[in-house]
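I opened the notebook to record what I looked up in this structure. The entries follow in the order I made them.

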Amino acid sequence: MTQEAKQSVITDEMRAAVGVEGPPATLDVEKTNCRMFARAVGHTDAVFYDDAAAKARGYRGIVAPPGFLGTPIFNPARAPGAPGEMGGRGYTIPYKRVLNGGTEYEYFPENDVICAGDTITARSKVTGFDEREGSLGPMLITTRETTYANQHGKVVAKMYGTVIQY
């Protein structure tokens, strides 16, 4: 019985993309979008819907619900993706199936809370690649990190995401 050496799908181009921050993406935080997202995911706290309720609790306005930053706005005028850019990449992966391997958010309320009216700048980068063997065959696991800063340059959140391709 011969054993074939498995060839890695991680290329030099992919290794070079690790840690490289993509260009910034700007996101406007709007009242209606906060309300729609809060309703869609089942938040019932009035700070996600009502300006007066949010201000009564010490916020500047309607608060962006947890997870809201995971919904970037499509901009057709934007240039094609660059390595490390949100939604873009400069390399090819041979697997056709994609699975969300999980997303975690870390918020920094000590810096500022994200509220309607804020303008958020997001910068994303690939933090690593890993190959594993699953029950359906080889898999590529890609981890990403996105940093969100508000209009005052304060980091308000980070997102850590994992994508599984097989």
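I looked up the surface: the protein chain exposes about 10,100 Å², and carbon and sulfur atoms supply 52% of that area (Shrake-Rupley method, 1.4 Å probe). I note that this is a predicted model, where local features need pLDDT of at least 70, side-chain atom pairs count only at pLDDT 80 or more, and totals for chains, interfaces and linings use all residues. Residues are numbered from 1 along each chain as its sequence is written, and side-chain values use heavy atoms, with hydrogens and water left out.

I then listed the secondary structure. The protein chain has three helices and five strands (DSSP runs: H or I of at least four residues for helices, E of at least two for strands). From the N terminus, I read the order α-β-α-α-β-β-β-β.

I turned to contacts (heavy atoms within 4.5 Å). Among those in the protein chain with a separation of 6 or more, 67% join residues 24 or more positions apart.

Is Thr 142 buried or exposed? Thr 142 is buried, because its relative accessible area is 5%. Beyond its neighbours within four places in sequence, Thr 142 touches Val 126, Gly 128, Phe 129, Gly 161, Thr 162, Val 163 and Gln 165. Gln 165 lies 23 residues from Thr 142 along the chain, and I noted 8.2 Å between their C-alpha atoms.

Notes: Buried means under 20% relative accessible area, exposed over 50%, partly exposed in between (1.4 Å probe, protein chains only).
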